[in-house]
Number of protein chains: 2
Amino acid sequence: MKFICEKNALVEGISIAQKAVTGKSTMPILGGILINAKNDTLIITGSDIDLSIETKVKAAVLEEGSLVVDARLFGDIIRKLPNSDVEVASISENSIEIKCEKSKFNVIHMDAEDYPSLPSVEGNKQLNIAQKCLKNMIKGTIFAVAQDETRPILTGVLMESKDKTLNLVSLDGYRLALKKESIEFDDEVNAVIPGKTLNEVVKILGEDDDVTLTFNENHVLFTINETRIISRLLEGEFIKYNSIIPEEHKSTVIVDKNILLNSIERASLVGKEGNTNLVKFDIEDDTIVITSNSQLGNVREEVNINLQGDGIQIAFNSKYLIDILKIMDEEKIYMEFTSAVSPCVIKNIEKDNCTYLVLPVRVSTR
Amino acid sequence: MKFICEKNALVEGISIAQKAVTGKSTMPILGGILINAKNDTLIITGSDIDLSIETKVKAAVLEEGSLVVDARLFGDIIRKLPNSDVEVASISENSIEIKCEKSKFNVIHMDAEDYPSLPSVEGNKQLNIAQKCLKNMIKGTIFAVAQDETRPILTGVLMESKDKTLNLVSLDGYRLALKKESIEFDDEVNAVIPGKTLNEVVKILGEDDDVTLTFNENHVLFTINETRIISRLLEGEFIKYNSIIPEEHKSTVIVDKNILLNSIERASLVGKEGNTNLVKFDIEDDTIVITSNSQLGNVREEVNINLQGDGIQIAFNSKYLIDILKIMDEEKIYMEFTSAVSPCVIKNIEKDNCTYLVLPVRVSTR
């Protein structure tokens with residue numbers, strides 16, 4: 001194998017493929033990236049089996065071939081080289097030479113044959129969506145995936161399409177996040193994608209062009225320009241989230257999102273003690289009074305609102321409200337309440353593209 | 001105590017005083033900051049005994065008084081308030097009320113009487129120097145203070161003035177850093193200031209105006225505009241550093257600093273294995289050839305130089321060279337060599353304002 005490639009193009013390719021290299025695998029070869037040089041193109045691949053990322057970089061290929069190099073060392077070396085052409089060539093059975101201006105490295109490599117082959121994901125279920133739109137949907141749901149593995153299915157985001165609508169749903173037993181968008185796609189899809197995968201997908205998604213999602217029974221493939229991201233799907237049935245979202249409510253609050261967010265953040269400062277993060281809402285007339293107290297002191301915040309329906313007293317873990325308010329994108333939002341022990345539902349006012357739900361915390365009568 | 005203060009001014013004052021609050025003290029009161037409201041001014045103080053920082057903030061003082069509040073909680077609350085006037089008032093024997101627009105906090109406070117009094121540092125030994133200049137001198141030496149406490153005196157920087165010259169010197173057994181500047185000051189000063197103190201001083205020093213340094217036997221006081229930083233000095237005699245810096249040398253290399261730095265950084269990538277960080281220099285004619293190897297591979301870098309004197313082969317811990325080259329401010333530098341086991345001396349070419357010294361690593365004959 002021998003190729004010449006512009007340094008910055010190579011750095012970008014390595015950086016993308018490297019996102020799938022966790023360094024936690026027990027297989028030493030997965031600490032490497034596979035470089036396949038063919039037809040004026042390098043295909044660079046990183047993988048931890050569950051998630052694989054493959055990307056293409058233009059290069060002058062002088063001798064075709066494939067090999068595996070340590071991802072971190074190779075990436076660090078290429079990043080530190082001057083902005084110039086880089087020549088990479090295999091010079092013996094187990095080493096490559098990297099040359100750039102007055103720098104010359106010899107680095108050991110591993111065999112391409114030992115690198116696991118990527119699952120093939122082909123099928124008719126191909127869904128196109130604007131990269132920017134999918135990025136927004138992932139960001140709007142990924143924070144609510146379960147962090148613990150007690151119910152593995154909840155560590156993923158449900159991606160569900162039907163009736164030309166795409167829904168992304170995550171929930172962790174305390175809150176639920178649902179984002180939806182209209183799409184041009186007739187098939188039904190129902191797949192749970194690991195949160196870990198989507199964390200990397202979000203970093204690779206850009207602002208322009210579409211991304212294509214291809215599903216088969218066990219895998220999903222994201223095609224983003226010259227990059228292919230292949231991830232296994234989580235096995236099992238996702239929770240029937242529709243039955244969790246209340247259809248009716250007794251009171252609706254219209255509130256300025258940022259003012260509410262700032263007030264809750266301040267209130268949570270005294271409530272942090274003992275990690276309860278408890279904030280109490282007293283909603284009446286045109287005001288939410290937010291209070292919190294601990295041995296450090298107490299706080300009272302007032303937020304102007306527009307209330308339709310009855311007043312209510314309800315308490316929350318401030319962290320869950322803050323997570324939601326931080327990623328919502330409209331200035332004015334709805335909060336829907338039914339009782340002190342029923343979930344609160346939060347929505348945008350303008351666009352009907354998201355539904356958030358937070359369970360209240362039961363507190364002793366005040 | 002009762003005062004009204006503009007939020008951002010209060011945040012700035014707290015942030016400065018808080019730098020002395022380490023949260024590691026066994027005295028709970030030192031987790032707090034002392035606020036003294038008097039004559040339209042707040043004096044805010046933080047301390048960990050070794051280092052104390054006191055700063056002034058303009059405020060409308062409605063009722064004079066002093067108290068101590070938890071530094072982190074109070075700081076976090078004030079930072080999160082809207083950009084508006086903040087009213088702080090003691091409302092009971094052990095609590096204060098903080099009001100700002102629609103936010104109201106009650107927070108417990110501690111007694112000002114329990115707060116330790118700051119050492120008084122008065123004396124005739126007052127040295128004025130431009131803040132920017134002192135900042136530069138500290139940055140140019142602080143990286144070389146000893147990190148371990150086996151010789152406590154080496155965890156500080158020697159500040160030495162004589163013959164209208166100020167020297168800052170640090171050394172850790174492997175390298176030495178010396179910065180010097182001309183000053184208008186006739187007294188002799190010889191004080192070792194803890195590195196920890198200078199780390200905080202650097203953050204507070206600005207670009208304009210002078211800083212005044214006042215020394216007494218055990219303490220130094222930095223007066224920076226409205227802020228006073230008081231630190232104990234390290235006890236004991238600093239190493240006679242002059243005897244360490246070689247007066248003569250056999251070879252001088254003139255080299256472009258950034259090209260050398262980049263080459264050493266690249267070479268160190270393969271040398272990291274086993275933490276030896278070993279890079280070898282082969283200096284001859286108009287080139288330094290830098291090599292490094294480990295089980296990961298090997299590297300060869302060439303750097304153009306101008307050599308006066310004999311060629312030499314010498315090896316270094318790359319980390320020590322990188323630290324020095326990173327903070328030097330001229331493009332062209334001198335490196336002076338005598339033998340493979342003698343220290344290398346590094347200097348600017350234009351300004352004679354710094355001397356760096358690095359011990360070589362002895363390696364077996366190549």
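Glu200(B) and Lys203(B) both sit in helix H4 (residues 195-204) of chain B, three residues apart, about one turn of the helix. Helices (H or I, at least four residues) and strands (E, at least two) are DSSP runs, numbered from the N terminus. The model is predicted: local features need pLDDT of at least 70, side-chain atom pairs count only at pLDDT 80 or more, and totals for chains, interfaces and linings use all residues. Residues are numbered from 1 along each chain as its sequence is written, chains are lettered from A and ligands numbered from 1 in the order in which they are written, and side-chain values use heavy atoms, with hydrogens and water left out.

A salt bridge is a side-chain nitrogen of Lys or Arg within 4 Å of a carboxyl oxygen of Asp or Glu. Side chains of opposite charge can pair when their charged atoms come close. Glu200(B) is buried, at a relative accessible area of 14%. Lys203(B) is exposed, at 53%. Here buried means under 20% relative accessible area, exposed over 50%, and partly exposed in between (1.4 Å probe, protein chains only).

Over all chains, a search of the whole structure finds 42 salt bridges. One of them joins Lys180(A) to Asp352(A), with the closest N and O atoms 3.8 Å apart. This pair links distant parts of the chain, 172 residues apart. Lys180(A) lies in strand E13 (residues 175-182) of chain A, and Asp352(A) in the loop between strand E24 (344-348) and strand E25 (354-358) of chain A. Lys180(A) is partly exposed, with a relative accessible area of 28%. Asp352(A) is exposed, with 56%.

In chain B, Lys164(B) and Asp186(B) meet in a salt bridge at 3.5 Å, N to O. Lys164(B) lies in the loop between strand E11 (156-162) and strand E12 (165-171) of chain B, and Asp186(B) in the loop between strand E13 (175-182) and strand E14 (189-194) of chain B, so the bridge ties together parts that are 22 residues apart in sequence. Lys164(B) is partly exposed, at a relative accessible area of 36%. Asp186(B) is exposed, at 63%.

Chain A holds an open sheet of eight strands, in the order E6-E2-E3-E4-E17-E16-E15-E10, with antiparallel pairing. Two strands pair if DSSP finds at least two bridges between them. Strand E6 (65-70) and strand E10 (126-130) of chain A stand at the edges. Each has a single partner strand, so one side of each is left without a neighbour in the sheet. The twist averages 20 degrees from one strand to the next. Axes are lines fitted to C-alpha atoms, for helices over the stretch in contact, and angles run from 0 to 180 degrees between N-to-C directions.

Strand E2 (residues 32-38) of chain A pairs with E6(A) in the antiparallel sense over six bridges. Ile35(A) stands opposite Leu67(A) in E6(A). Helix H2 (residues 71-80) of chain A lies across E2 and E6 of chain A, at about 95 degrees to E6(A). Helix H3 (residues 131-142) of chain A also packs on the sheet, touching E10, strand E15 (210-215) and strand E16 (219-224) of chain A. The direction of H3 makes about 90 degrees with that of E10(A). Contact means heavy atoms within 4.5 Å.

In chain B, six of the seven residues of strand E3 (residues 41-47) are buried, so the strand is largely enclosed by the rest of the structure. Strand E2 (residues 32-38) of chain B runs antiparallel to E3(B), joined by five bridges. Lys38(B) stands opposite Thr41(B) in E3(B). The hairpin of E2(B) and E3(B) has two residues between the strands, and Asn39(B) takes a positive phi near 50 degrees there. E3(B) also pairs with strand E4 (residues 51-58) of chain B, antiparallel, over seven bridges. Ile43(B) stands opposite Lys56(B) in E4(B). The hairpin of E3(B) and E4(B) has three residues between the strands, with Ile49(B) at a positive phi near 75 degrees.

Chain A can be laid on chain B with an RMSD of 0.0 Å, by a turn of 180 degrees and a shift of 0.0 Å along the axis. The two copies are therefore related as by a two-fold rotation axis. Copies are superposed by least squares on the C-alpha atoms of residues with pLDDT of at least 70 in both. In chain A, the C-alpha nearest the axis belongs to Lys203(A), 17 Å from it. Both copies use the same surface: 100% of the contact residues of chain A recur in chain B.
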